[in-house]
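Okay, thanks for coming, everyone. Have a look at the model on the screen, and I'll walk you through it chain by chain.

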Amino acid sequence: MKYENLPWLILFLPLISAAVITLFTLRSKTVSSLISIGAVVAGFVMTVIFVNANGMQFSGETSLQWLEIGDLKADFGLKLDALSMMMLFVVTGVGGLIHIYSYGYMHEDRSMARFFACLSLFTFSMLGIVLANNFLMMFISWELVGVSSYLLIGFWFEKPSAGDAAKKAFIVNRLGDFGFLFGILMVWGLLGSLNFSALQNSITANPAALGAMATTAGLLIFCGAMGKSAQFPLHVWLPDAMEGPTPVSALIHAATMVAAGVYMLCRSLFLFNADSLHVISYIGGFTALIAALMAVQQNDIKRIIAYSTLSQLGYMVMTVGLNGPTPAMFHLTTHAFFKALLFLAAGSVIIGMHHEQDIWQMGNLRKKMPITFLTFTIGTLALCGVPPFSGFYSKDAILAQAWEQKSYLLFGVAVFIAALTTFYTFRLFFVVFFGKEKSDHAKHAHESSLVMTLPLVILAVFSFAGGFIGITNNYGSQFVHEHETFSAWQQFAEPFHNPFPMVCGLVAFAIGFFAALSLYKNATSDPLPKKLGGLATLMKNKFYFDEIYEATFIRAHDFLAAVADWIDRWILEGAIIGAIRGGTDLSGRALRLAQTGNLQTYAFLFVLGVALLLYFVLGK
Amino acid sequence: MHIGIQHYLAVSMILFCLGLLGVIMRRNLLVIYMSLELMLNAANLALVAFSRFNNKLDGQVLVFFIITVAAAEVAVGLALIVALYRKRQSAHVEDLTSMKL
Amino acid sequence: MSILTYIAGWPLLAALVLIVVPRNFRVIIRAIAVLATLISAVLAVKMFCNYGSALPDADGYRFVQQIPWVESLGISYHVGVDGLNVGLILMGAIVAFAAALCSFEIQTREKEFYILLLVMTGGILGAFASLDLFFFYFLHELALVPTFIMIGVWGRGEKKNYATFQITLYLSIGALIALIGLIALYIQCGANTFDIPKIIEHAKTNPLAVNAQNFIFPLLLFGFGILVSLWPFHSWAPLGYGVAPSPTSMLHAGVLKKFGLYGLIRIALPLMPQAAQSWAHVIAWLCVGNILYVGWVAMRQKDLNLLIGNSSVAHMGFIFLGIASLNLIGITGAVLIMVAHGFLAALTFALSGYIYKQTGTLEISALGGLCRKLPFIGTALVMAAMAGCGLPGFANFVGEATVFFGAWKAFPTITVIALWGALVIGGIYMTRAIRNVLHGPLPEKWNSLSDASHLWRKLPYALLLASLFVFGVWPRLLTEKINPDAVKIVAQISPAPSADKLVAQSENSGVRN
Amino acid sequence: MNASLNFIGLEISVIGLGLVLMLADFFVPAERRRFIGYAGIAALGVLLIMSFSGNGTCSNFGFGFNNAFVNDGLSLFFKRFFIVAAILVLFIAAEFSDKLAAGSIAEYYSLIIFALAGMLFAASSNDFVMLFVAIELITVTFYVLVSFQRSKVASLEAGVKYLILGALSSSFMVFGIALIWGTTGTLNFTELAAVAPQFETSRIFLLGVLLVLVGLGFKIAAFPFQIWAPDVYQGAPTPTTAFLAIGSKAAGFVLLLRVLFTAVPSVTLHWEKLLIVISAITILYGNLCALPQRNLKRLFGYSSISHAGYLLLGVAALNANGQAAILYYLAGYLFTVLAGFLVIALVLRHLETDDVSGLAGLSQRSPLLAATMTISMVSLAGIPPLAGFFGKFLLLKSVIEAAQKSHHYGYIYLVFIALAGVVISLYYYFNVVRAIYWSKEARDLSPIALSAPAKLTAWVCIAGIFWLGLFPNTVLNLANQAATVFVAVTK
């Protein structure tokens with residue numbers, strides 16, 4: 001393996017930049033942002049160099065010893081193979097674009113330097129997840145990703161909502177991490193190692209190595225993904241996370257971090273037995289479904305996209321559960337392109353609208369913001385899986401996977417979701433860009449600067465072409481043993497190998513599109529609530545998950561806290577210690593009553609004492 | 001009848017207890033003090049009797065010591081009580097309770 | 001003269017010097033104190049770096065020095081370090097330096113304060129360095145008493161007096177119980193020496209009778225346990241730290257508190273293995289009290305210091321869990337957390353002290369949005385809070401993770417509960433604290449606050465953070481030192497050849513519990 | 001007989017000194033008389049030094065007055081101890097003299113010296129006659145010393161209380177001696193030790209021994225004979241209280257040790273339970289009663305009861321280490337208590353009450369005195385690096401040893417009761433420290449002018465406390481060697 005030190009550089013450049021910014025350049029916006037951008041772009045370049053040098057189909061590890069206590073061995077190690085390389089491209093590439101975009105987006109903000117420091121920290125941790133070669137390293141980066149997302153969501157910490165959202169995201173993720181670490185401990189206890197390769201070997205050597213614990217362990221590990229990739233029931237944090245700056249939503253909560261769960265599942269796929277995969281697939285499907293339904297009734301442009309992210313993540317998890325890592329990763333990658341694109345475009349819309357996010361205040365923006373409009377359209381089409389946009393291929397691959405796995409229920413759900421996706425995306429699309437301006441902001445909207453539109457364009461290109469630039473080949477080389485690499489044309493025609501799912505997908509698109517067209521062309525207010533009634537409110541209120549958790553989990557912990565505090569205050573502190581203190585004092589006051597000051601009494605007590613003494617010794 | 005050591009001891013015991021009772025019951029310091037002397041003499045009686053019956057003399061030697069010491073004690077004690085009486089115009093123990101608890 | 005003698009000696013010497021310095025020479029007094037602690041910190045770093053190169057004596061201790069003190073009782077001044085206490089001494093010295101720097105908040109009677117601070121420092125460093133049971137206890141007491149006076153004189157709040165006497169009496173009970181245990185140990189062992197290495201050697205050939213162990217071990221466990229605020233003997237800690245001036249809380253919560261744990265590992269485990277075996281379950285379940293119950297209590301607190309105090313009590317639980325697991329990984333983890341938590345507790349109390357100095361209150365409800373006015377302190381506090389809920393990159397994570405791995409083999413259930421406490425409950429109260437103290441809109445009245453301005457002010461916090469990072473990123477600095485000695489102890493607990501102990505660890509501990 | 005005389009050279013010279021001081025009254029003008037004390041101090045200093053030079057009369061060992069009088073390690077230890085105590089007390093007295101009947105201060109000095117003589121005799125008495133005479137010499141002198149402030153009713157009242165109860169206890173003791181002699185026919189400890197085993201069952205004999213213990217228990221203020229201590233401590237002039245607290249207590253202990261471990265060791269063996277109970281109750285009583293106490297001298301009264309209890313730990317342990325521990329503890333107690341009383345004498349002299357609040361603001365008024373009092377309190381509380389800690393450490397150690405040797409559970413309980421006592425005592429000792437350093441109700445902050453001797457005394461006490469806490473070797477070896485005089489008691 002050539003240049004094997006490059007990955008270390010790729011990994012640590014962002015960390016260094018974060019450190020440099022926090023320690024030295026917090027004063028200067030420009031310098032800090034340039035350092036941060038430079039770090040990630042350099043990372044991208046080096047990734048390209050590295051891959052050119054080694055080709056894509058290779059695998060290797062390089063590690064430093066980090067911790068070794070008895071039989072607990074945790075190296076600081078990098079796993080270099082097609083999977084991690086592709087993710088490297090996604091993280092550094094998409095991430096780089098978003099960094100550049102942020103330079104424009106955050107320009108007015110006074111703590112831009114802090115923003116870029118956090119962004120670099122995030123990039124480092126994300127790369128850590130991608131490159132980790134053992135569970136402990138992955139968990140460490142996992143936590144760091146969590147905290148950097150915490151910092152970025154709470155970036156505008158003076159906004160109470162931002163603070164709360166950050167807190168919520170952190171705690172919900174911690175719930176997932178609890179399961180994750182629990183699972184790691186269990187796997188380590190059973191197999192005695194943390195290294196992916198070693199684990200894989202011991203599993204392949206003896207598939208029953210995990211024994212009765214296999215399903216449990218698998219699901220516990222999955223808990224981690226549940227937290228990060230916001231799968232039901234831990235999905236509640238992602239929509240609130242939109243409190244963060246839009247580039248953050250694009251980078252962390254659409255393109256990379258939320259995909260980490262899926263990536264982790266694929267990385268440790270060998271651990272999961274049939275049962276756990278089954279559960280995973282259904283959870284994924286369910287998440288996709290409810291998220292899509294919620295998206296239908298949201299009015300905040302970012303939240304709509306967030307819910308669609310949620311449902312797309314559900315798609316991927318479902319696909320992993322359906323034993324289709326390749327389609328999952330394929331969709332993950334394309335989704336990274338077009339979802340980042342959508343978010344950034346939305347961001348540019350928001351800037352143009354002077355931080356107005358309610359879609360019912362917008363309208364007819366296609367005139368005011370042509371580039372944004374164009375790129376947004378491409379993103380939309382990709383998301384809705386219109387051929388030949390990238391989304392079409394990845395979504396088709398997913399449908400095909402479901403169909404081949406003969407899990408028809410999930411197939412049906414997937415198709416239905418496809419329709420929903422089209423519906424709510426075009427709802428957004430029409431309301432924002434067509435019809436007439438619904439507010440003054442909309443009238444005075446303006447196109448964003450080049451530094452912001454350029455990344456949009458680049459992303460648009462990939463969102464268009466992502467389907468046939470060989471992504472599947474690389475993932476395939478990772479997951480499928482005897483697989484042939486397709487030429488671009490083969491990839492282009494790939495869906496026709498299995499027409500039925502493709503047709504279903506297209507039909508779903510058509511339905512969704514025309515529904516949206518009929519309802520929202522030139523609509524000034526949402527007609528749907530009247531049509532759906534109760535269901536609509538249910539969707540609007542996200543099926544009351546937040547309220548339910550509030551009432552159960554949070555309430556339970558606060559109650560226990562109150563009880564513990566009460567015991568501490570009144571039983572331990574008050575009753576026991578108080579009793580001891582009071583008792584001692586009281587006995588002192590009682591005893592000294594003997595000191596009456598009267599000589600006669602003293603003499604009497606003295607004699608009494610003598611009598612006692614004599615009785616004690618001679619009494620028996 | 002023959003008078004044995006027990007009888008002497010009994011007498012001295014009785015004397016001792018009488019003195020004790022005096023100390024506990026009487027209110028007047030002087031009387032209390034006399035009762036204390038009585039107790040000492042009870043001890044003396046016992047010693048003398050013992051030395052008589054053990055045919056040893058050091059008991060009686062001790063008696064002399066005791067008498068001497070008692071004399072000294074009495075001298076100091078009476079002086080003390082008188083001084084107190086001067087201040088308080090009373091030699092009753094109930095009046096001696098300025099310090100308590 | 002061993003370097004350890006200097007490390008512990010400089011502060012005591014400086015204290016003596018301060019006695020003669022007239023009280024109105026404020027600057028000089030402060031300078032002397034800071035300088036003395038700085039010297040011992042530097043020496044400690046030097047000692048830590050030379051640890052590898054220094055060659056150990058017969059019993060495996062380095063930088064040893066022994067001076068007979070009371071021959072008739074076999075008491076001698078005997079200092080030395082091995083893997084177990086080298087980190088603690090380094091940590092203690094650095095924290096002491098930071099505490100001295102943070103003492104600018106003390107305005108009245110500086111002279112007495114710095115004298116007490118220095119005595120405390122010298123005492124505790126000496127206690128950690130000492131390899132003689134008597135001095136071990138003696139120096140700890142020496143360090144403990146100033147705490148009471150400091151809380152009594154410079155403490156804050158209206159519960160001051162109550163808290164002072166509470167902590168004084170409570171800790172004295174603990175110390176005395178431990179003392180009885182130590183004396184009983186000395187007598188039972190029959191080696192007629194207080195010298196720890198000798199006692200351990202002697203115990204190898206003729207170990208203590210099991211019933212004697214079962215009498216002495218609980219004495220040490222609960223005596224030390226009270227000193228370490230083992231549940232349910234913890235209620236003194238938040239109360240005391242709530243009112244104590246921050247340098248005192250820094251030193252006590254950070255350094256002094258570790259004494260009991262160190263004592264358990266250094267003395268109780270190797271000398272009373274069977275008892276340790278039979279009490280391990282008790283300890284483990286008491287940890288749950290610390291981790292879960294006290295975690296909940298912390299969630300409930302309205303005062304920042306009380307919250308920090310409770311959280312530090314909760315952290316003690318992880319250490320006890322590591323000790324209870326009685327295997328190499330667990331014990332190593334315990335020592336790691338001891339060092340890490342030292343830095344962390346010191347850092348958090350220093351920060352809360354700064355906030356108190358600025359705002360005059362630590363009522364969480366009264367604060368808010370401070371990050372805007374205090375970017376440096378705020379950032380540091382966020383980092384501290386994150387370290388407090390076990391964020392990787394900080395030393396605490398390494399320790400806690402290690403403890404979890406170690407305890408998993410011994411007590412899976414309890415480990416899971418501990419995980420919950422560490423990841424979820426810790427996360428909840430720490431993020432809540434950040435949300436309510438640092439985030440949100442800034443109340444009008446705090447517009448006048450000023451951040452830690454110049455380097456000198458920032459130094460203590462930066463220093464402590466840096467140490468947390470160093471050991472968090474590069475734990476081998478410690479583990480490589482701890483391991484050999486932890487192996488020894490584990491070998492004494494469950495006598496199997498320590499070589500295959502490394503690998504056979506899991507089976508042994510697996511079947512043990 | 002003449003041979004015997006050179007055993008008691010020290011005692012003779014001390015008595016002589018007392019007489020000289022008393023006569024000095026006639027020649028020295030009234031305003032100078034307080035300086036007579038310093039002469040006495042000088043003389044005692046010389047005697048002390050002589051006692052260290054090998055051929056000092058008290059350091060040539062042997063028996064005199066057909067075995068009624070013994071010079072051995074124990075007596076030597078205690079004689080030095082008493083002399084040091086007397087010296088320090090004389091210093092305090094000299095500071096306090098104006099509060100005493102100023103004219104007759106020389107009498108006061110000489111009485112202290114006579115009491116000292118009594119203690120010296122007590123230290124080397126090997127015979128019940130000697131014991132009786134020594135004790136009476138001490139007690140009778142103390143009657144006068146206690147009631148010396150004839151102007152104050154409290155002083156007289158204390159005197160009378162001490163007189164009556166003291167006389168009561170000594171009559172018990174005398175009767176006890178009579179019974180012992182009657183049964184065994186000997187008054188000499190050494191001979192008694194030989195014959196005692198035959199009489200273990202004779203109730204009369206045991207009764208006699210017990211009655212003797214009553215007398216000694218009264219001197220050391222052990223339960224149930226502690227009742228007098230608080231009142232007398234409170235009423236007596238401060239120097240007297242100081243001497244009472246250290247001198248007469250120590251004398252009681254040396255005699256107790258002699259009786260229990262030289263005269264009737266075989267009997268003592270069976271009394272471990274009795275001793276345990278007495279020491280336990282004494283500790284608890286003293287500490288508990290001291291808790292609510294605000295009057296400083298009374299507080300010392302109660303605390304001295306509790307310390308008698310601690311010291312009894314060493315007796316109850318029934319082993320050589322215990323006896324050595326007692327000696328060591330007393331040595332530390334000497335400096336500690338005298339430091340305390342020095343401060344009381346200097347600070348509370350102008351106040352009519354001895355309330356703790358009188359110390360308020362002392363840290364401003366006189367840092368030295370504040371430090372002295374604090375150190376004394378901390379040492380009493382038994383905290384390193386002070387004398388009190390090492391003493392308590394030794395005592396506890398001896399008891400735990402006893403517990404381990406004789407698997408008698410009482411010892412374990414005893415240890416924990418002692419522990420409880422220490423913890424309780426922390427509360428009131430630290431209360432005093434609190435009053436000194438951070439009590440709010442500081443009334444007058446007028447600085448206290450200290451005379452050179454007073455400073456010297458304070459420094460000596462502090463030095464002694466630290467010396468015994470930090471360098472226990474010398475005294476510990478002396479104590480160990482002194483404890484060897486007792487026949488090793490074994491079942």
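Chain B has 3 helices and 0 strands, where helices are DSSP runs of H or I with at least four residues, strands are runs of E with at least two, and both are numbered from the N terminus. Along the sequence, chain B simply reads α-α-α. Before I go further: this is a predicted model, so local features need pLDDT of at least 70 and side-chain atom pairs count only at pLDDT 80 or more, while totals for chains, interfaces and linings use all residues. Residues are numbered from 1 along each chain as its sequence is written, and chains are lettered from A and ligands numbered from 1 in the order in which they are written.

Back to chain B. What radius of gyration does chain B have, against that of a compact globule of 101 residues? The globule would be near 13 Å, but chain B has 17 Å. That radius is taken over C-alpha atoms, and the globule rule is 2.2 Å times the number of residues to the power 0.38. The C-alpha trace of chain B spans about 50 × 25 × 25 Å along its principal axes. Of its 101 residues, 37% count as buried. Buried means 20 or more other C-beta atoms within 10 Å of the residue's own, exposed means 12 or fewer, and partly exposed is in between, with C-beta atoms placed from the backbone. Now contacts: two residues are in contact if their C-beta atoms, placed from the backbone, lie within 7 Å. Among contacts in chain B between residues at least 6 apart in sequence, 46% join residues at least 24 apart.

On to chain C. Here we get 21 helices and 2 strands. The radius of gyration of chain C is 22 Å, close to the 24 Å from the globule rule for 513 residues, so chain C is as compact as a globular protein of that length. Its C-alpha trace runs to about 70 × 55 × 45 Å along the principal axes, and 68% of the residues in chain C are buried. Of the chain C contacts between residues at least 6 apart in sequence, 81% link residues at least 24 apart.

Chain D also comes with 21 helices and 2 strands. A compact globule of 491 residues would be near 23 Å in radius of gyration, and chain D, at 21 Å, agrees with that. Its C-alpha atoms fill a box of roughly 65 × 55 × 40 Å, and 69% of the residues in chain D are buried.

So how do the chains meet? Chains B and C have no contact, with their closest C-alpha atoms 24 Å apart.

Let's look at A against C. That contact takes 38 residues from chain A and 46 residues from chain C. On the chain A side, α6(A) gives the most, with 15 residues. That side divides into 22 nonpolar, 6 polar and 10 charged residues.

Then C against D, with 19 residues from chain C and 23 residues from chain D. The largest share of the chain C side, 11 residues, comes from α6(C). Its make-up is 13 nonpolar, 5 polar and 1 charged.

What about the inside? The largest nonpolar core has 711 residues, and I112(D) is one of those with the most contacts inside it. A nonpolar core is a set of buried Ala, Val, Leu, Ile, Met, Phe, Trp, Tyr and Cys residues joined through C-beta atoms within 7 Å. Leaving out residues up to four places away in sequence, I112(D) touches A86(D), V89(D), L90(D), A93(D) and F243(D).

For a contrast, take A193(D), in helix α8 (residues 189-199) of chain D. Is A193(D) buried or partly exposed? Partly exposed, because it has 18 C-beta neighbours inside 10 Å. Its contacts, again not counting residues up to four places away, are T262(D), A263(D), P265(D) and V487(D).

Last stop, helix α16 of chain A, residues 370-384. Of its 15 residues, 11 are buried, including F373(A) and L381(A). Just after α16(A), G385(A) takes a positive phi of about 75 degrees. That's my tour, thanks.

Definitions and conventions: Expected span 1.5 Å × (residues − 1). Nonpolar A, V, L, I, M, F, W, Y, C, P; charged D, E, K, R; others polar.
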